[in-house]
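Work through the exercises below with the sequence and coordinates open. Try each task before reading its solution.

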Amino acid sequence: HVAICEQVGDQPAKGIFPRKVVRVVTPGTVTEPGLLPGDANNYLTAVILDGSTASVSYTDVTTGEFAVTELPLEALRAELTRLHPAEILYSDHQTLPDGITGHLTALPSWKFEPGKCNETLLAQFKSSTLDGFGLKQNSLPVRAAGVIVQYLKETQPDALNLLTTLRSYSLNEFMTLDAPTRRNLELDETLRGDRKGSLLGTLDFSITPMGKRLMHQWVSQPLLQVARIVKRQDGVQYFVSNGMIRAELRDALKPLADLERLVNRVIAGQAQPRDLVAMRNTLGQMPKIKQVISEQSSAGSGKWSVCEEQYSLLQNAIDDDPPATLQNTGVIRAGYSTELDGVIEASKHARDWIANLEGIEREKTGIKTLKVGYNKVFGYFIEISRGAADRAPENYIRKQTLVNAERFITPEMKEYETLVLNAEERIKEIETRLFREVCAELAKAANTLLTTARAIAELDVLSALGEAAALGGYNRPEVHEGSELEIHEGRHPVVEQYLKNDRYIPNDVIFEKGEVVRVITGPNMAGKSTYLRQAALIVLMAQMGSFVPAASAKIGLVDRIFTRIGAQDEIHAGQSTFMVEMVEAANILHHATSRSLLILDEIGRGTSTYDGLSIAWGIIEYIHNHPQLRAKTLFATHYHELTQLADLLPGIRNYNVAVSEADNTVVFLHKIIPGGADRSYGIHVAQLAGLPAPVIGRANEIMAELEKTSGRAVKINPQAAQQAALFPETSPLLDELKELDVNALSPIEALNRLFEWQRKFTK
């Protein structure tokens, strides 16, 4: 946290200028464009807990967004993962649950006191009741939102001008995605933390910063109302069908600056001259965008303005190329203010006189080295080199002696200097006042400007999704209130992009009537995990309003997607791989409903075979038999025994990954077909990975042995892995050597004995 302290007022008090802290910069209240990500919101959040309930309020002080919700404690981490806040405020008397990371700021608990928070919000919105915001007096959401307003009052009072309304939202408006699911499906970043390779990275063809932030929100919050989904799809359809309009619009969006943040900088009183130039250039593009998007189009929501008045104000008032700050003159365009033009005109002849002085004086004195200069200490002066200084006229007054020059002034020069410098101060003063007036005028139209910024963001996102659909060959899915899930020739949107020369093999996900759990068996590397993820991503894309990578799709609304994929060890939390797996599985079974989609990959692999198999079997039975559950489930496993369940329970189907075998080699066809797999091909995958040939050979022997004895016995050949002994324990050659009396041998006998041994022992 950085405190910024500034001088206030022009008059010193007791010889010292008064100063005060005007702002405290914290991670959640930064407004400087250079310190902010343009493509993501910078959220400040407040969290308050009460038993098994929590409330989260968040704001982005650069865009004016301010919202609050109440939610069950177990959903808190998922909501914070979605928001990815820059700073989290919480009471120093409360302990946040595990797994919540980020910049945490503890505040004294009295700031969360219900009465104080209530009062703060009523004062902020100049209202007598909070009912209109959907808030009950003294409730948890009031306390969470009240703390944010108090915190901003202390750190960034100007930002409070932006918070004109508070949106109360419910998690039921959007599909719930918990933290592991967001991570497993790689929604906005990959497991390595890169944006490239995530779903967002694949779909985000948006151009403006406002559009990029909105795209992030849409991907993070798939909808649960069919009407809203269809409205978005209509917008995307318009841009898919009208390729020329899409290209023209995207072209018109390219020069746009971040209008939403610029407006908010103006309202907060932090705008600089170049911010207004950026705003003017952006508003100048509006008629072109309006022309491209005719009123009749189904793209975008509602009316927006081309903001002609604001554009013409900026056009008339602000210079084409103003300085970066108000410390320099030249901000206001000539002709805008008669007062300003008068001061500039009055001082013009003085400026001209000083500008021409050097030439006139050189001619008059005949001194070629004479120069006119300026510095802050002396003002304007005439400089003559040391050699010619004695030729200076009498009316020159010596002011300063340098090593190789003398500096002079003249009374007349000082008069003109006073005119110029006074005018400079006066111009700066008038320009600052006029600039503030222009900002105040723009602030009055803030609602119109922000509505326009948000409409542009929506057009940007719809055209971006249209671009993604056109480039990726996506089709419009049919989303309805029913319960079917039917995806024909679906593809994984991200994996498909990274296949350089190979064709992506599409797969169907068609749940028959009465089908609940689909058990998928087959070897590793054959594409089971990709198949599971692609089903989840297609459903999610459909509900965010996007087209999907499939030939066609019919999707009944899904309220939640749960995934249990891979094992991310939370060793820092003292949990083993298997414990993490079981905690996530328990969470899924407690919270899934009949409208959920469950993606379960290799459940039970973190423990011994029989334990794991038993748990997986129990989970499938529970999902299938529980009357309130029966959620559509894709269950990938290595336990081939689970394929027997299809014979025992009516809602279970077996599928496997097709494999082609020829000449002892195996080719994965990446096609999911009905039926259970009879083998795992794990040894084949090990061979592809480059394990040494002896290991592969031995593994095949053991495999054959295990299959023969139903997994009970493996004969260990003690010689198999031993190195042949260099010298066996007993050897006839050694025995004879020991008995030989070398001293008694004649040379010829020794040669004969050697010849005999060679014949006998080296056959």
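**Exercise 1.** Which elements each supply at least two residues of the lining of the second largest cavity?

*Solution.* First, the ground rules. This is a predicted model, where local features need pLDDT of at least 70, side-chain atom pairs count only at pLDDT 80 or more, and totals for chains, interfaces and linings use all residues. Residues are numbered from 1 along each chain as its sequence is written, and side-chain values use heavy atoms, with hydrogens and water left out.

Step 1. A cavity is a set of points, on a 1 Å grid over the protein atoms alone, where a 1.4 Å probe fits but cannot get out; lining residues have an atom within 4 Å of a point. Helices (H or I, at least four residues) and strands (E, at least two) are DSSP runs numbered from the N terminus.

Step 2. List the lining: A585, I588, L589, L598, L600, I603, I619 and I623.

Step 3. Assign the elements. Helix 18 (577–591), strand 19 (597–601) and helix 19 (609–625) each supply at least two residues. Helix 18 gives the most, with 3 residues.

Step 4. Classify. The lining has 8 nonpolar, no polar and no charged residues. Ala, Val, Leu, Ile, Met, Phe, Trp, Tyr, Cys and Pro count as nonpolar, Asp, Glu, Lys and Arg as charged, and the others, Gly among them, as polar.

**Exercise 2.** Describe the lining of the largest cavity by class.

*Solution.* Step 1. Its volume, the space filled by probe spheres set on grid points joined across faces, edges and corners, is about 110 Å³.

Step 1. Among the lining residues are E79, R82, F174 and Q221.

Step 2. The classes are 6 nonpolar, 3 polar and 3 charged residues. Helix 1 (residues 76–83) has the largest share, 3 residues.

**Exercise 3.** Why is one side of strand 18 and of strand 22 left without a neighbour in the sheet?

*Solution.* Step 1. Two strands pair if DSSP finds at least two bridges between them. Write the order: 6 strands form an open, mixed sheet, 18-19-20-16-21-22.

Step 1. Strand 18 (561–564) and strand 22 (665–674) stand at the edges, each with a single partner strand, so one side of each has no neighbour in the sheet.

Step 2. Strand 19 and strand 20 (residues 632–636) run parallel, joined by 5 bridges. I599 has L634 as its bridge partner in strand 20.

Note on methods:
On a 1 Å grid over the protein atoms alone, a cavity is a set of points where a 1.4 Å probe fits but cannot get out, and a pocket is an open set with protein on both sides within 12 Å along at least five of seven lines; lining residues have an atom within 4 Å of a point.
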